Every structure is written in C-alpha cells, then in structure tokens.
Amino acid sequence: MRELTKAIQETAQKLLQDKEVELVVGFAEGSLPLRNTPCFIRQPEEAQRLVWGYGCENNLATYLRKRPEKLAVVAKGCDSRSIVELIKENQINREKLVIIGVPCQGMIDRKKVTRLLAGRELLEAEVKDGQVVLKGKGYSEAVPREQLLHDSCLTCQHPNPVLFDIMLGEPVPVKEADSFGDLASFEAKAPAEKRAYLIQELSRCIRCYACRQACPMCFCEECFADCSMPQWLSKSSLNVQDNVFFQAVRALHLAGRCVDCGACDRACPTSIDLRTLTHKMVKDVQELFGYTAGVSLEEKPPLAAPLSSSTLNHF
Amino acid sequence: MPRIGVYICHCGENIAGAVNVEEVRKYAEKLPGVVLARDYLFMCSDPGQELIKQDIRNGLIDRVVVAACTPRTHEPIFRKSVEDGGLNKYLFEMANIRDQDSWPHWHDKEGATAKAKKLVASAVAKAAFLEPLDDRFVEVTRASMVVGGGVAGMFAALDLANMGYKVYLVEKNPSVGGNMAKLDKTFPTNDCSACILTPIMVQVGTHPNIELLTYSEVESVEGSIGNFKVKVRKKQTYIDWDKCTGCGDCVNACPAKVPNEFNEGMDNRKAIYIEFPQAVPKRAVVDIEHCLSCAKRTIGTKPRIHSKTGEPILAPCEKACKTGACDRSREYNPEGEIVELNVGTIIVATGYKVMDKAPFKEYSPQSPNVITAMQLERILSATGPTEGHFHRPSDGEKPKTIAFISCVGSRDKRYHTYCSKVCCMYMLKEARLIKEKYPDTNIYIFFIDVRTGGKDFEEYYNYCRDLGIKMLRGRVGAVDELPGDRLRVRAYDVDLGAPVELEADLVVLATAVEPAPGLEELGRKLGITCGSEGFLKEMHTKLYPVETPVKGIYIAGCAQGPKDIPESVSQARAASSAAAVPLTLGKVVVEPLISEVNQRKCAGCGTCVQLCPYSAIRLVEDKGRLRAKIDEALCAGCGVCAAACPSGVITLHGFTNAQIHAQIKALAC
C-alpha cells in the first residue's frame, strides 16, 4: 500500500509538472479510519495528498465524463472497465485521458465493520498480513481481511485494470470465485417472493438518487425519473411501487454497461440491497448475449448492436 | 379539445357477425373527445367514405377514427377521404376490429364486443394526441439493382433495361444462368434448357443498359426507396477480364483438379476455370484456394529466371495465355474491389439450392449410384460429365432399372414441411427423356402424391404413364447396397397394402428445393425478413406478392419459395414492373412518420447511430458536445432508434410517447 501510494504520488507529480495533464483524479485520506475520498489535484506539489488504501471504493470513472481538460485518473479494475464502456459511448475522449492503472486487493466494506463492532466506535485500523486490526477505546480486534471486503470485491474477476497507460505495482492474482454464486438465493425465489423482497428493500428508499449519481454509466442529460413530460413515475418516495419501478428501469438501462463495481450499493444512505438487481442483470446479459461489460474496446454493447442469428440462438 | 369522429364498419358480416356494432357505437360515443360515432355496412365503400367527408366539411370533427379492417390495405383510402374532406390526412387513426378481433374471436361474441370497445378506446385515446404532419417527397435515382443472375433475375433486369432504366445485375458466380443453366430439358415442352436460356444470357450480357457484375456479392445496403446506396464486392478473379477472351487455353494447361460445382461434383474442373461452355461473360477465374502456384508462381511475385536460357519461368496457365490476361506477377488484392452503386429500387432474385443427398442415410447416400435429380440432370446434359451419354456413375454402365424417390427432404417434418413443388414434374420429365431414348429401361417412381397442377402438366403426366413409366404410391423406407453395384429399394405400396422390393441400377432422389445459402444474411442487409422455412417473405401473399415490407425492394423467383420456370419468369416480370413504378414517377412520397432527436437532451452516446439500419443518423458537434442528428431523407421511420435510445429522447412521429401512453392507459381501463 505504501509503495503504491508513493508510486501514485510520483506519477501524478510528474504528469502535472511535465504539463501532460492539467488534473489528476485519485483518492485522498478520508476523515475516518478505512475511508478514502475522491480527490482532484491540479498542482504538482499537491500530489502528496494522493494515497492508496482499503477505502478507495468510489468508481472514479464517474468524474471523467465530458471533461474539457486533459486529465489523468487513478483506476482500479472496475474503474477501468467503466472507462472502457464510457469511451465506447463517446462520453470520454480517450486522447485526453491518461489512465494510471492500479491493481486492486479488494476494498473494505465499513458496513461490515460497523456490524462486527456492534456499536463500538472505530478509532484506528491497520491492515497487515491479511488481517485487519480494528482498534478503539478499550479494544483491539484482528479480523481476516476477506471477511470485511465488499461483496462485489469478493466475486470480482477483474481486479487488475483492463485498460491503462501507466501500470503501477504488480498485478494481483484473479480469484477463481463463481462470480454469480451470491445470486443463488435470489434466483431461487418465486416471482412473488422476489417482488416482496424488492418492495421490502425499497420501502426504505428516500429517492435521493445517490445511486444514480454514483454510477459512472448513468449519464443521461435528463434522467427519466426527473422527466415531467411525460411523467414516468411519481416524485415521492412514499410510493414504493414507483421506487421499485425506478430501480428496475435503472437496472435495465445499465444492461451491457454495468461492470458490477458496487458504487450504487455503497452510495445508498439507507443500505438498500441495490446490487442484487444490477448483478442479476449483469448475469443475464452474459448468459443471453455472451457479453461482459468493459473488457473490450472493440466488442459492441449488446443493446447497441443489431441482433445476429448467433445472438438470437441464445434465446 | 379535439373533436373526434368514430366510424365503425360492419364489413358485411365479417365484423358484425361477431361484434355487436351498435353496442360499440354507443360506447364510443361516450369516450372523451368523441363528438359523434356512426356505423355503416361498408365504410370503405363510396357512401361510407362520404360520411367522413361530410362530417369534416360540416365542421363537426377534426380527428377521425375508423374501426374496421387492417390499415395494411385500407389506411391509404381512409387517409385520402380525410384529406378530401379538408383535414390533414395524418389526423386519422385506425382500429383493426376485424383481423384482430371478429375473426379470431368469432365464437365468442361477447368477448369480441368487449375487445372491440377496448380497441376503439385505444385508437380514440391516441387520436387525441395526433399531430398534423406533412408528406415528404424524395427524388428517385433512375436505376435499379437486381441481385441474382438466374432466369428470374435476368428477366427482371432485361425488362427494366428495355424500359430504358440502368440496371446493375449482381451475380455471385462467374457467369449468369443460375440453376436453369444446369438443366437438360424443361417441362412441359421438353425444349432444351440451354437453347432457350443462352439467348437471354447473351441479351443480358450485351444490353447497353445492363451493367453485369458477376463474381460479385452485395456487401451492404444503405438508404431507402429512391436512394439506395449499395456496396458490391467484386470478388478477385486473378485474371484481367478486360484482356481475357474466354478461349480456355489456360484451363487446358492447368494441372489442378477440383470437384466441379456446375456438374454437381460428378467430375473435376481445373483451379483456373470457365464456369460452363455457354458462360456469359465467358471469362476465366482462378480458384485461388485450389491453385497449385505451379513453378512457384504465387500471385504477385516476379518469375524466377532460368539459369541457362535467361528466360522467366512461368506457370502453365500464364504460358498458355496469348493475351496477357493471366499474369501472375500482378499484385491482386485478395479482397477484390468494392463498387458503390446508387439505385432507386432493388429486386432480389437469389434463387435456390437443391438439398444434398448426404443427410438421407436410409437411402445409402455413400453409393455413387444414388444420385440427386440435379445430378441426373447433368448426366443427361450434353455439357455434363458424360457428355450426355446415359451412364451410371459407378462403372459407366447404362442403367436398366431406375427408381425415383419423391419428396426427399420435402413434406418431411425432419427437414422441410413445405412441398418443393417442382419435383413431381422434373421426375416425370427426367423419366420421360430416358424412356423415350431407351424404351427398354424400367422406370419406377415412388411418390406420396403426384402433384401436377399447372398448364399442360396433367397431360404431361398422362403421357408419361402411357409411355410405361410405373408409378408406385408409397414412401421408400430404405435403399440398400447389393453386390454388383445393384441397389435394393424397399417401400410400402399403399395401393397394394403390402411391402414391395425392387432391385435397381440407379436410384434418383428428388431432393428438396432450399433457399440459396446466405439468403438470410442478405435479407438482413436489405432489412427484409425470411419466413420460418428461410425463403423471403412477400408483403402480402395475394395482393402484394413481389413487394416486401421495405419500400423499393421487391422479390422474385425461388428466393420467395419453390417455383418452376414459368412461375419464376412471371414473378420476375411482375417485380420489374413494380420496381419500375418509382423510377417512372421520378419522386416518391415518403410518409412523415419519421424520428426526431431532442438535441438538447441527447447525451451523444451513439447507440442509435450504430443501430440505424438506414445509416440515417450521425453525431454532430454542437457547442463542444456530440449530439445525434437524423437525416430526414434517409429515415424510414422504423423506430429502432426511438426504442433503443437509453435516454428516451428520440420521438417517432405518429408513435409518440404521449400517443402510446394514452393507448396503453385506454387499454388498461
């Protein structure tokens, strides 16, 4: 981690000094333990603020759309895949972007930490030899890192950037996990049970649209949720049916675009399980069209390509 | 508030027989926006249309809904009435309460009436949101493209060329002629196929208005009626056709042997070859896959120099060529050449292929003496592998007993459920040719049904029976190989009610007619579809048999379904006259039901650009941002972009979100 932080700082500083870019988007230290925050560096001397940690969970591709200036971005596997899709959809000018690729060990889910600590406040955390040492007033607890990773990181098949200009650090090995294993319990449900589950989850929705804002692929000039002519759905979160409708449409709009980074899920202030829906859609796209988002610049997204007989055979 | 008039048609008993029209009329009267609702026996009749015109003229209504039959056939005439009455003709909406209601629900009068109400309510709801639109006119490029150089394609091309239009005839083989060129004689008159076809081929080859593009395939098609932009790939021949005279010296010199497609694989051709003796154009092509590159003369390399003579060492084909057409030093592009054509209309006549015998394991396809009818056709032909001598393939003996098996792959759920239509007649023809020439030959035809519908066909059949050709009703179960190159045919004779067996020297399989390979892909390029059996679908079986859902594209011949030569030619000539209409008019009306992008809200992702089948959408820069823009002249209003736009900012006029929402809402009530 420390080496990666140093390498990121040096790379950013050099890019800015040489005027290769005007802006570097990366992560800085957050105000809480295990938390990093997106950070925008314009001066070479500010590059020292950049860090790499276990809380670099935001998808930074969100900040790259339609930027006028030349810029660099620190990208882990999922960020790079979103970048690939955004390039294909003309939202990022590849020529104006320098991708600083960073291999990703998986990010720590603070909600899991909070649950584990059961009310105790976390004051300090340290990650060493695969163990996370959590410290607070009167306690110090070591937990295996795997136990605290985000669910999306546990099934991730692309921890290393798929597209980069500069690669820092050594690529990490890819886990041989079943990327859709965690969907089994949802898929086993009957349609009515699925619906009941979604209604139960989305009854907590406050329509803050943080999920939409955090997602790099939600880039409509006007979201259908904001549209008033026609008004597709009510504006109030009290209508749970419309909350479900919003998420269902959001998932469908992301078919062939979603890289399962989990940014929407993390952004949700009421901890709604949003990923089950998007993750299931990722699986369906893979099964129906044989398409994995963000792994190739050439392959056309399935919803932007005419159906061929070979695609139709999947149905 | 719109003032909508609703007109409900009885269509004689067609609608009124299942739908309580009066009840629907009363219901329609109370729908929001409706000021009057009338019913009439035949709305499409003169007095029916007069009702609409009068109500408009009297200032009673400004939107019209007709609940009747299908807009496919009747929308144009009602639009005309609306226009004659003095309204914009797009302020009209149709509810199909016949095809979608009274017919399918004939035995459920109550249900049919309830459904008619829903359909009317939905059309009325949409009518409230209709907007006046203006027709557009598109200039027509006065040229046509015909795909396929068989008998259908050639006649279509000739007719258009004789009318004075430029025609591009695209054929994938080196020569025009198609399957008919392979046939020996043709039913029902038994005239020699080549004798009647060759003059047509020559006319096509020499007509000043026809540009022949043989050994070529359609690569892509863009645009719409009046202005199709077609890219055609001229495949690489590796011969300079401007210099080639078709003398055949290179062919004689070539040592390579390749199964001859023209003779259905029964003999060999060379790697450098002329498709058949009467080929038009008569030019050689090099089958580069099978070329041996004699004397190490790979295409595009300089010849080595003989160490003693100092002469260049040439390949035999080059040495034989007197005109310099065969020059292996030249660097040919293996991809060939792309030719761009601008045409106003397109006719597709890509023909058929006959099924191979290989899948029919029960008929011993491994035996050389089990052949397809097309192979027999080549054996009987003077230009075939036996030069017209009737020999069986295994040992060259003249067969004494021949068994024909009909419906091989046709009328068979395992392969094709359809009837290939020409097999009964061609089997009879082949049998008759043999029987007339060699009266002592025993000929048996095993059939399920003999289908000889057609002018002079039944007489032909009776004549064959009188000649002594034996017809056995019953399906053949198996053909076994016996020693001495004999074959045993085992069948069940339905008339005898008993199994029968006979030994034959030659077994001929009447294999099914199938769509030409690649037809589906070509259809996709053109935007026209194939039916479940893989043949191209016409717009309407009876009334628009040569039209397709894509305006300006017509079909003819076996690409549409199995048919014989007279039918193919008739259809080709029908297609050419349909294709000439827009060319003659010089401009065509294009409905204003096209798409429009709300540029302010477009995110410029380009999804629509990639999907548009007409290449009508481009991304243009607007204040530093990319936005989609639709070319009105090219847009055909298919709606693919409107459906695909992830941001939902494309409107398809005539099918706007507001209109469709209103319809759905009305249906849900």
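1. Between chain A and chain B, six residue pairs are in polar contact, both residues at pLDDT 80 or more. A polar contact here is a pair of N or O atoms within 3.5 Å; within protein, one must be able to donate a hydrogen and the other to accept it, and residues adjacent in sequence count only if both atoms are side-chain atoms.

2. The model is predicted: local features need pLDDT of at least 70, side-chain atom pairs count only at pLDDT 80 or more, and totals for chains, interfaces and linings use all residues. Residues are numbered from 1 along each chain as its sequence is written, chains are lettered from A and ligands numbered from 1 in the order in which they are written, and side-chain values use heavy atoms, with hydrogens and water left out.

3. The chain interface brings 20 residues of chain A into contact with 20 residues of chain B, contact being heavy atoms within 4.5 Å. About 1,600 Å² is buried between the two chains, with carbon and sulfur atoms giving 50%. On the chain A side, N90(A), E221(A) and A304(A) lose the most area to chain B, together 29% of what that side buries. Buried area is the accessible area (1.4 Å probe) that two parts lose on being put together, summed over both.

4. Three salt bridges cross the interface of chain A and chain B. One of them is between E222(A) and K601(B), with the closest N and O atoms 2.6 Å apart. The rule asks for a side-chain nitrogen of Lys or Arg within 4 Å of a carboxyl oxygen of Asp or Glu.

5. Chain A is assigned domain 1 (1–105 + 157–177), domain 2 (111–145) and domain 3 (178–315); the bounds come from an automatic or database domain assignment. The C-alpha centres of domain 1 and domain 3 of chain A are 25 Å apart. In contact are 22 residues of domain 1 of chain A and 25 residues of domain 3 of chain A.

6. Domain 1 and domain 3 of chain A bury about 1,900 Å² between them, 56% of it on carbon and sulfur atoms. Within domain 1 of chain A, the residues losing the most area to domain 3 of chain A are R81(A), E85(A) and K88(A), together 29% of what that side buries. Two salt bridges and 11 residue pairs in polar contact (both at pLDDT 80 or more) span this domain interface. In chain A, R257(A) and E89(A) form a salt bridge through their side chains, at 2.7 Å from N to O.

7. Chain B is divided into domain 1 (4–127), domain 2 (143–230 + 341–350 + 516–587), domain 3 (236–335), domain 4 (354–514) and domain 5 (595–653). Between the C-alpha centres of domain 3 and domain 5 of chain B the distance is 50 Å.

8. Chain B also has an open antiparallel sheet of three strands, in the order 11-12-17. Strand 11 (216–224) and strand 17 (337–343) of chain B are its edges, each pairing on one side only. Strands are DSSP runs (E, at least two residues) numbered from the N terminus, and two of them pair if DSSP finds at least two bridges between them.

9. Strands 11 and 12 of chain B are joined by eight antiparallel bridges, and S224(B) is opposite N227(B). The two strands form a hairpin with two residues between them, where G226(B) in the turn has a positive phi of about 95°. Strand 12 (residues 227–234) and strand 17 of chain B run antiparallel, joined by seven bridges. R233(B) faces I338(B) across this pairing, and K234(B) has E337(B) as its bridge partner.

Technical notes
Helix = DSSP H or I, 4+ residues; strand = E, 2+ residues; numbered from the N terminus.
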